[in-house]
Amino acid sequence: MTGTAAPFAADDYRARMKRAARSAAEAGLAGLLVAPGPDLVWLTGYAPTAVTERLTLLVLAPGQDPVLVVPTLEAPDAAKATGADALTLRDWTDGKDPYAATAALLDTGGRFGISDNAWAMHLLGLQKALPGTSYASLTDALPMLRAVKDAAELELLAAAGAAADATFEEIRKVPFGGRRESEVAADLAGLLRRFGHSQVDFTIVASGPNGANPHHEVGDRVIERGDMVVLDFGGLKDGYGSDTSRTVHVGEPTDEERRVHDLVRAAQEAGFRAVRPGVPCQEVDRAARAVIADAGYGEYFIHRTGHGIGVTTHEPPYMIEGEEQPLVPGMCFSVEPGVYLPGRFGVRIEDIVTVTEDGGRRLNDTTREMVIVD
């Protein structure tokens, strides 16, 4: 996790840690163990400048004050984190056993949730120190831990979305034809940074037949007149994510290209219209997918309709068949159906959407109509 943590106060982090510990207890866990990464940033505001083999671990347990186990040489930086006032730092020095120090904080027979990006060596070290303990990944144990955003988080996500929109408005003005995908991708990255992003996570520029690969790696293909070009880009602004997709065309499109673009636009609208509190996540996927399937292109929509977004650009909840988690006001996620015709072209249209008290609100507002570029 890189980038600047969002400007929250110690009380915000204190409330998050209390909520996380309470959620752990409700899930039947003895506590949570959180390694450096997005969960630690969200809970404490602390993002180590370098993640090394030295153990750093936040311990949250119901009825106990939060403790951050940290290497002595990194303790001064940890103490500067905004959330440090809401927890106790327990440092350990090189040559000492960090697992023994951590074990003293844990129920010797408890089951703990542990962040997905914890190192295997650290988990194994804890298991050796406390053989009676067991562990579950946070994604499995508490998938909705960060899913519902508060008003300040929504404001930051909206600002990130506006920056991505500004990026699209500028990129549509640059020449496409005769330039390499990598050159347009570099333009996208520069624009995201110009509009306030500290971290660029992806800049997909998939032209012509490359557009049929949803996660095409930008290459040296020269964009040609007559190409459909899928643009998918985002990153972090003030610690919160953006992610948007638009599909443009170099010169005038064919009737089929217009028809497929209009189909994806209708599917994206249907997915958005399905968003409201209490609706299972899978219903958003079903609504968008039905439009594409009914038009005979169902086999060419080859990915889920959406994913959550927050302090990372991909996180729960997921808009996919089988996900029965009901939507809750404050959840934020993408709605991004697509059609991918192998060897020919692809179309994807994506907005970030937040659940409101009576429906949904888009955090991206650039045109979803076909955009013609030079």
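This is a predicted model: local features need pLDDT of at least 70, side-chain atom pairs count only at pLDDT 80 or more; totals for chains, interfaces and linings use all residues.
## Charges over aromatic rings

The charged end of Arg289 is placed over the ring of Phe301, at 3.9 Å from the centre of that ring.

## Aromatic pairs

When the whole structure is searched for pairs of aromatic rings, four are found. Phe8, Tyr13 and Tyr240 are linked by ring pairs into a cluster. In general, a pair of aromatic rings is described by how far apart the centres are and by the angle of the planes.

## Helix 9 and helix 10

Helix 9, which covers residues 255–273, and helix 10, which covers residues 281–294, have axes that come within 7 Å of each other and cross at roughly 155 degrees. Angles over 145 degrees count as roughly antiparallel, and helix 9 and helix 10 are therefore roughly antiparallel to each other. Their crossing is right-handed.

On the side of helix 9, the contact is made by Leu263, Ala266, Ala267, Ala270 and Gly271, while helix 10 contributes Val284, Ala287, Ala288, Val291 and Ile292. Sorted by class, the residues of this contact between helix 9 and helix 10 comprise nine nonpolar and one polar, with no charged residue among them.

## Helix 7 and helix 8

The axes of helix 7 (residues 151–171) and helix 8 (residues 181–194) come within 9 Å and cross at roughly 135 degrees, and the two helices are therefore oblique to each other. The crossing of helix 7 and helix 8 is right-handed.

Here Ala164, Thr167, Glu170 and Ile171 of helix 7 meet Val184, Asp187, Leu188, Leu191, Leu192 and Arg194 of helix 8. The contact of helix 7 with helix 8 has six nonpolar residues, one polar residue and three charged residues.

## Backbone details

Most residues other than glycine have a negative phi, and most peptide bonds are trans. Against that background, two places in the backbone deserve a careful look. The peptide bond that runs from Pro316 to Pro317 is cis, with omega near 5 degrees, and Pro317 lies in strand 12, which covers residues 315–319.

Asp238, although it is not a glycine, has a positive phi of about 50 degrees. Asp238 is found in the loop between strand 8 (228–237) and strand 9 (240–241).

Technical notes: Residues are numbered from 1 along each chain as its sequence is written. Side-chain values use heavy atoms; hydrogens and water are left out. Axes are lines fitted to C-alpha atoms, for helices over the stretch in contact, and angles run from 0 to 180 degrees between N-to-C directions. Helices (H or I, at least four residues) and strands (E, at least two) are DSSP runs, numbered from the N terminus. Angles under 35 degrees count as roughly parallel, over 145 as roughly antiparallel, 65 to 115 as roughly perpendicular and the rest as oblique. A crossing is left-handed if the near helix is turned anticlockwise from the far one by less than a right angle, and right-handed if clockwise. Contact means heavy atoms within 4.5 Å. Ala, Val, Leu, Ile, Met, Phe, Trp, Tyr, Cys and Pro count as nonpolar, Asp, Glu, Lys and Arg as charged, and the others, Gly among them, as polar. Rings of Phe, Tyr and Trp (its six-membered ring) pair if their centres lie within 6.5 Å; planes under 30 degrees apart count as stacked, over 60 as edge-to-face and the rest as tilted. A charge sits over a ring if NZ of Lys or CZ of Arg is within 6 Å of the ring centre and within 35 degrees of the ring normal.
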